[in-house]
Structures are given as structure tokens and as C-alpha cells.
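Dear colleague,

Please find below the structure I promised to pass on to you. My findings follow directly after it.

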Amino acid sequence: MTAPQVTADTTIARALAADPELVDRLIAFNPIFRKLKNPILRRTMARLASFADAARVAGVPLQALLDVANGARIEATPGTSAPGAEAQAGASAAPDWIAAFDRTAAARLDVRPLLSSGEDPFATIMGVVAKLAPGAVLVLEAPFDPAPLRRVLAGKGFAEHAECLAPDHWRVYFRKAEGGARPATAAAPATPRIWRETGIAHIDVRGLNPPEPMLAILRLLEQPDCGPSVIVHHEREPVFLYPELAERGWRHEIVEGEPGEVRLRLTRPA
Amino acid sequence: MNRPANPAAASFLGGAKSRLLPASIPLRYFGGAVFFHLAFWLGVVWAAPEIPNFAIGPGRVLAVLHLLTLGVFAATAFGAAFQLLPVATKQPLRAEWPARLVAWLLFPGIVLFAVGIAETLHIPAALGGVLSAAGVMLAGVLLADNLARARGMASVVVHGWVAVASLFAIAALGFLLVVDQHHGILASRNGIGAAHAILAVYGFMGMLALGFSYVLVPMFGLAPAPSTRAALASFAFAAAGLALGVIGAVLAQPVILAAGAAAGLCAIALHLRLMAAAMQARMRKRLGPSFVLVRIAWACLPLSLILGALMALDLWPWRGPALFGALALLGWLLTFLLGMLQRIVPFLASMHASGPGRAPPLVSSLTAERPLEIHRYCHFAAVTGLIAGIAGDWPLVVQISGAAGAAGAAAFAWFFIGTLARMRRAP
């Protein structure tokens with residue numbers, strides 16, 4: 001079977017699942033990718049980090065990384081395997097607010113113990129983030145550069161800056177914008193959101209308690225104008241939905257989504 | 001055109017991953033329950049002469065009773081809880097191996113314990129008690145750990161906490177009863193025995209059944225989730241009723257016991273109203289025969305509490321404990337669990353038979369209707385016959401009812417094994 005084309009938005013986990021030899025090619029390309037042998041990282045970070053994130057974190061050209069991901073074998077060069085490359089890549093010059101913020105008033109969170117116990121720290125982080133006052137700073141300690149989280153919070157209006165203190169210790173600063181986070185993204189939805197893009201129905205059920213996501217999706221599928229294809233935006237793989245889809249003659253496939261999202265395309269065979 | 005919000009609910013790490021356990025974990029518990037279900041009804045045939053006049057104490061009837069409570073109820077509860085609690089709490093189990101270990105401790109423990117107390121063999125009874133208690137405690141720790149990390153579904157989580165607390169209390173009181181059997185340390189053995197039974201029936205199993213109903217009934221009926229506020233109100237009555245029931249039993253205070261039953265009835269009235277509302281609003285019009293069992297179980301639940309209150313107030317003249325046990329354990333809990341298992345097992349099998357690029361087999365194609373039909377008739381005949389046999393003090397009727405129950409249990413095992421075979425054969 002031919003592995004699908006890897007693009008900048010493809011997640012590492014998806015590419016690794018489709019191509020078991022990829023991890024060895026990546027390590028040969030840049031030893032930084034030895035981290036992918038770590039089961040915790042493999043189970044967590046790789047699910048969310050895209051190749052664009054990986055190129056930024058590793059400090060390698062995106063196109064070269066994509067070439068490797070798509071089958072090319074490129075051996076490490078001194079320039080790509082230098083220790084500390086990850087630190088240089090993920091971290092950048094500190095912005096002015098890093099030196100200026102009140103360290104005694106900053107919220108602090110160390111997610112390393114949570115991750116080492118296999119626990120998902122997302123709820124904890126978002127709980128702390130939600131309580132931040134405008135202009136307040138969260139100092140996050142993590143065992144790696146949480147590039148997807150940085151991207152998500154940056155998208156919500158947070159300023160962010162990462163420092164690599166050790167190969168397994170990153171400190172990331174998030175500062176809430178003075179005007180607060182963007183309201184459109186501040187809260188999980190209480191009801192499903194349904195809209196159309198290029199004629200295809202989309203439904204976002206993230207944040208709903210079970211069995212509401214399943215119900216909302218099935219209600220949409222039963223509407224006469226729903227069309228032959230529906231895109232579902234979910235926060236986890238809805239395994240309990242699949243038998244119901246099969247009973248109704250709908251097929252499902254997982255497609256590329258945003259970080260942390262499971263996106264499904266549902267199709268009704270003609 | 002609305003643009004979806006940036007992923008406010010997007011996970012930092014792993015939040016998107018499936019919380020579906022390997023099929024072998026829930027199915028081993030359901031398989032164990034199916035096995036002990038058959039063993040229980042065969043045990044009823046064996047112990048029939050002693051059942052109508054049963055009073056709490058070691059012997060055949062207590063052994064058979066534990067085949068049901070530990071072998072069927074606890075095993076089903078653990079299988080369902082390990083699979084469903086992570087869905088409700090939105091947190092995966094911390095590790096899979098303890099969920100496997102619980103079964104390795106529990107199942108041999110039940111067998112040894114039942115043989116030991118039936119034949120008054122102290123070493124097997126003690127060893128079995130320790131093994132099954134260890135399994136139960138480990139399961140309690142696993143569930144408590146998951147509940148402590150819960151992020152949602154308060155109505156399920158609060159019921160779960162009381163169920164777990166009850167589990168530890170059941171184990172502690174059970175241990176006291178075993179020690180008392182040999183050393184006579186308890187001032188009121190009957191009171192502790194009654195508290196142990198109340199915690200087992202209404203504390204652990206009852207709370208799990210009520211809590212998971214808020215997920216399972218809407219899921220199988222495709223109905224909106226019941227109001228959390230109303231579910232919490234029902235829970236408050238249920239918890240108060242449980243506490244009053246246990247206190248009343250330990251202190252041998254009939255009025256407190258009856259007050260507990262009254263609070264329990266309020267809880268059930270609210271709960272059943274929520275279930276009825278969900279049933280009315282459901283999208284799936286044909287619920288199938290499994291919900292016939294569920295509805296009968298719902299009817300037996302308040303009847304068991306009314307009988308319990310009458311017994312506490314000394315207003316029920318004869319064979320109260322045996323009738324109460326038949327109504328609460330068989331009419332309500334066993335009937336409810338078997339109704340749910342009929343839906344859960346093919347549903348799980350369908351989910352586990354699917355894979356990347358492979359549509360799951362239809363649930364209906366995995367469900368063998370014939371054995372379920374046989375089971376349904378045998379089950380109703382067995383339960384009603386057993387109640388009649390106890391009420392009339394007719395051991396032969398009890399024995400025939402046990403045989404009907406065993407035939408039904410064999411049919412249920414046929415359904416279970418058939419579903420697994422169809423799952424393996426699924427394209």
C-alpha cells in the first residue's frame with residue numbers, strides 16, 4: 001500500500017502510522033527525532049504536531065523534512081545534528097515583556113509529572129489559562145517544546161515565548177492579551193455548531209457531553225438537505241458513533257484536522 | 001457563513017485519542033458474568049430446599065448469593081465501568097494492566113469463596129475472600145483514580161463516587177462478618193449483615209446502575225441527556241436514603257431504615273421520570289426486547305424498596321429477606337443488567353470489529369435474536385417462579401424455577417459466544 005503524500009499540515013503520528021520506516025529516516029536525517037522513540041511523546045505530542053511544527057522545533061528546512069517524510073533518505077549533516085539545535089529552533093530572542101512581567105504574580109504550572117504519569121494535562125492548562133487576567137502570564141514547565149499548544153494559544157491572542165533549559169526541560173511563557181482572549185474561542189460550545197462550506201455541511205460537537213455529540217450528528221444526517229457528505233469536528237474519535245453510522249449506511253473516514261481535533265468525513269454512498 | 005471557532009476544546013496532548021479499551025478487557029468481565037449467571041441458576045437448583053427460609057449466614061444459599069452478587073453483578077459493573085467511566089469522565093484509565101489483574105483476582109476468588117462457604121471449608125473460603133476482596137479493592141482504586149480526574153458529566157461522577165465508597169465499605173463489612181463468624185466480635189451481626197447487603201444492592205450496584213443509566217439509556221435510545229440538575233437532585237435523595245438505610249441497619253432502628261427507603265423512593269421517582277422523558281424524546285423508535293427487560297427492572301426497583309420499608313417496620317409477615325432478595329437482586333438488578341448487556345455486547349463487538357478503512361459490522365448482524373428470545377421467556381419464568389416458590393415455601397417450585405433460569409442462562413451464553421464468533425468472522 002502506498003503511504004499518502006505528507007504535507008506541512010500532516011501530523012507526525014499520522015505519517016508514522018502510514019510509514020513504519022519513517023522514524024528511522026527521520027532519525028538518520030536529524031538525531032533530534034530520536035525523541036519519537038519515546039513512547040510518551042509518540043502517544044501525545046506526535047498526534048498533534050504537524051511537520052511544519054517539527055521543522056520549526058528541529059530547526060531544519062521544511063522542504064527537506066517533507067522530502068524525508070515522503071520517502072527520501074537524507075543523512076544527518078553536522079549542521080542538522082548539532083546538539084542544541086532544537087533549543088535554538090524552538091526558542092527565539094526574548095520579547096520585551098519577558099523581562100518586564102511580574103514573576104511573583106505569574107501563574108506557574110509544571111506538566112512534567114502529569115505527562116510522566118500518562119495523564120493529559122490539557123484540561124489543567126486550559127483551566128489555568130481561563131483564569132488568567134488580561135495581561136497576566138502563565139509560566140509552563142514541559143519536557144519538550146509544546147509547539148501545537150503554542151500555536152493554539154497564539155491563535156487565541158496569547159503572546160508566547162519558549163526557552164529550552166535542558167533537552168528535557170522547556171519553559172514556555174504565555175501572556176494573555178490586555179483585551180483578554182478572543183471571545184469567539186474562549187469557551188467550549190454549549191450546543192453543536194452547524195454551518196456550510198463550499199456546499200458541504202460541517203458540524204462541530206467539541207465540548208459537548210456524551211451522548212449529545214452522537215445525537216447532534218445523527219440528527220443532522222437525518223435532515224433531508226444534509227447532502228451526501230458531512231464534515232464532523234470532534235475532540236476524540238467517536239467510536240460509539242460508528243455502529244450507528246453503519247446502521248444508517250454512512251461511511252466514515254478520519255481526515256486532517258486542527259491540532260487536537262479529530263475531523264471525520266461522513267459519506268453516504270449513492 | 002459561520003466559521004468554526006479556533007479549537008477552544010483542542011487538546012494539548014492526547015485529548016483526541018480514543019478511550020476505547022482493548023476488547024479483551026470489558027469482554028472478559030462480561031464473559032465472567034455470563035459464566036457465573038449460569039452457575040448461579042444451577043446453584044438455585046442445588047440449594048432450593050434452603051432458599052425459602054433463608055436468613056443471613058453461611059451455607060449453600062449465601063454461596064449461591066455471592067455467585068450472583070460478585071460473579072454477575074460486580075463483574076458486569078467492572079466491565080461496564082472500565083469501558084464507560086472514561087467516556088463520561090473524559091479521562092482514560094491510567095493503565096490497562098490493573099483492569100486485567102482485577103479479573104485474575106476476582107474470578108478464582110469467587111469460586112473459592114463460594115465453595116468454601118457452601119461446604120464450610122475455612123481455608124478456601126478465607127483464600128477466596130481475600131482474593132475477591134483484593135480484586136474488588138483494586139477495581140475501586142482504579143475507578144476512584146479515574147473519578148478524581150473527571151472533567152464532565154457530574155451526574156455520572158457523583159454516583160460513581162458513592163458507588164466506589166460503598167465498594168470499600170462492603171469489603172470492610174464483609175471482612176468483619178467473616179471474622180465475626182469465627183471470633184464473635186460483633187454485637188449485632190444481623191445489623192452489620194443488613195448494612196453490607198444495603199451497600200451492595202443500593203450503594204455499589206444501585207448507584208452505578210442509576211449513574212450509568214444517564215449515559216446508556218440516552219445512548220441506546222438516541223435521546224437527549226437528562227437534565228443534570230434533576231439527576232443531581234435524584235442523587236441527593238439516593239445518597240441520603242443509602243446513608244439512612246445503613247445507619248438504620250447498624251443501629252437496628254426501624255424508623256431510620258424506613259426513612260431511608262422513603263428517601264430512596266423519592267430518588268427513584270425522580271430518576272424514572274428522567275428516564276421516561278428520555279424515552280419519550282428518543283430518536284430510535286424500536287428499542288427492541290432488551291428494553292422490555294429494562295422496563296420490568298425499573299418496576300421492580302421501587303417495589304423492592306417498599307418491601308424493604310415494610311420489613312423494617314415489621315409490617316411484612318413472612319419470608320421477607322428471601323422475597324426482598326428475589327425482588328431486588330433478580331427482579332431489578334439482574335433483569336436490568338441482562339437487558340443492558342444485550343445491547344452493550346453487540347455494540348462493543350461492532351466497535352471492535354471496525355478498523356481503519358473498514359466499516360463496522362451492523363449491530364443487528366451481530367445479535368442472535370433466537371437465544372435472546374429463549375432467555376427472555378426462561379428468565380421471566382424463573383424470576384416469577386422463584387418469587388412464588390419463596391412466598392409459598394415450595395422448594396420444588398424454587399427448584400424448577402432454577403432449572404428454567406439455568407436454561408435461560410445457557411441461552412444467554414449462546415448469545416454471548418455467538419456474538420463474539422460473529423465479531424471474529426466480520427469482514
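**Findings in chain B**

B:Ala410 is partly exposed, as its relative accessible area is 39%. Please bear in mind that the model is a predicted one. B:Ala410 belongs to helix H13 of chain B, which comprises residues 395-425.

Two packed helices are described by the angle between their axes and the distance between the axes. For H10 (residues 320-353) and H13 of chain B, the axes come within 9 Å and cross at roughly 10°. Because angles under 35 degrees count as roughly parallel, H10(B) is roughly parallel to H13(B).

On the H10(B) side, the residues in this contact are B:Leu338, B:Leu341, B:Gln342, B:Val345, B:Pro346, B:Ala349, B:His352 and B:Ala353. They meet B:Phe412, B:Phe415, B:Phe416, B:Thr419 and B:Met423 of H13(B). By class, the contact residues comprise ten nonpolar and three polar ones, with no charged residue.

Lastly, I turn to the cysteines. Over all chains, the structure holds zero disulfides. B:Cys300 is buried, because its relative accessible area of 12% falls under the 20% cut-off. B:Cys266, by contrast, is partly exposed, with a relative accessible area of 36%.

With kind regards

Technical notes: Residues numbered from 1 in each chain as written. Chains lettered and ligands numbered in written order. Predicted model: local features only at pLDDT ≥ 70, side-chain atom pairs only at ≥ 80, totals over all residues. Heavy atoms only, no water. Helix = DSSP H or I, 4+ residues; strand = E, 2+ residues; numbered from the N terminus. Buried < 20%, exposed > 50% of the residue type's maximum accessible area, 1.4 Å probe, protein only. Axes fitted to C-alpha atoms, helices over the stretch in contact; angles between N-to-C directions. Parallel < 35°, antiparallel > 145°, perpendicular 65-115°, else oblique. Contact = heavy atoms within 4.5 Å. Nonpolar A, V, L, I, M, F, W, Y, C, P; charged D, E, K, R; others polar. Disulfide = S-S within 2.5 Å.
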